[in-house]
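Here are my notes on the model you sent.

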Amino acid sequence: MYTISDLAEQFGVTTRTIRYYEELGLLTPSRTEGGRRIYTGSDVTRLKLVFRGKRFGFSLDEIKEMVLLFNEDRTGEKQLKVTIQYGEEKLAEVNERICELVEIREEIERLLTEFKGRLNE
């Protein structure tokens, strides 16, 4: 069992961030009699998935869909299919961005070579 402070510290975020994910329905902690949130290992796993998804550039809506699909289909098949679909789309975006960055790098290199050549004339 984990408190909200435990999770915030473990993931290096604020307690407000944890509460926000709860508001979005990504986390569903139980409560003590005093009203304190209690999180389980399942919540920790969900947070790991949320932060991994964010690192890969997925929107919170996409992450929520992928994470919550497991509740609909305990086999995980639906979740995997949607994750593969989103993953393929994200990979295409990343590859496109890499091409753009390579073009930018090549243009900068060309300009630098040109500018250095001018200085040496």
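1. Which residues does Val44 touch, not counting residues up to four places away in sequence? They are Tyr2, Leu7, Gln10 and Phe11, where contact means heavy atoms within 4.5 Å. Val44 is found in helix α3; helices here are DSSP runs (H or I, at least four residues), numbered from the N terminus. At 6% relative accessibility Val44 counts as buried, a term that means under 20% relative accessible area, with exposed over 50% and partly exposed in between (1.4 Å probe, protein chains only). Val44 and Gln10 are 34 residues apart in sequence, yet their C-alpha atoms are 9.3 Å apart in space.

2. On the basis of these notes: this is a predicted model, in which local features need pLDDT of at least 70 and side-chain atom pairs count only at pLDDT 80 or more, while totals for chains, interfaces and linings use all residues. Residues are numbered from 1 along each chain as its sequence is written, and side-chain values use heavy atoms, with hydrogens and water left out.

3. The largest nonpolar core has 19 residues. Such a core is a set of buried Ala, Val, Leu, Ile, Met, Phe, Trp, Tyr and Cys residues joined through side-chain atoms within 4.5 Å. Leu7, Ile18, Tyr21, Leu27, Tyr39 and Leu47 have the most contacts inside the core. At least two of its residues come from each of α1 (4-11), α2 (15-23), α3 (41-55), α4 and α5.

4. Tyr39 deserves a separate look. Leaving aside neighbours within four places in sequence, Tyr39 is in contact with Met1, Tyr2, Thr3, Ile4, Leu7, Ile18, Glu22, Leu27 and Pro29. Two of these partners are described next.

5. Thr3 lies in the segment before α1 and, at 19% relative accessibility, counts as buried. Beyond four places in sequence, Thr3 touches Arg36, Arg37 and Tyr39. Glu22, in helix α2, is also buried, with a relative accessible area of 19%. With the same exclusion of residues up to four places away, Glu22 touches Leu27, Pro29, Arg31, Arg37 and Tyr39.

6. How do α1 and α2 cross, and at what angle? Their axes come within 8 Å and cross at roughly 110 degrees; axes are lines fitted to C-alpha atoms, for helices over the stretch in contact, and angles run from 0 to 180 degrees between N-to-C directions. The two helices are therefore roughly perpendicular to each other, the class for 65 to 115 degrees. Ile4, Ser5, Leu7 and Ala8 of α1 meet Thr15, Ile18 and Arg19 of α2.

7. α3 and α4 pack at an angle of about 145 degrees, with axes 9 Å apart. Arg46, Leu49, Val50, Gly53 and Lys54 of α3 make the contact with Leu60, Ile63, Val67, Leu68 and Asn71 of α4.

8. The axes of α4 (residues 60-72) and α5 (residues 77-120) come within 8 Å and cross at roughly 160 degrees. That makes α4 roughly antiparallel to α5, a label used for angles over 145 degrees. On the α4 side the contact uses Glu62, Glu65, Met66, Val67, Leu69, Phe70 and Glu72, and on the α5 side Lys78, Gln79, Val82, Thr83 and Tyr86.

Note on methods
Parallel < 35°, antiparallel > 145°, perpendicular 65-115°, else oblique.
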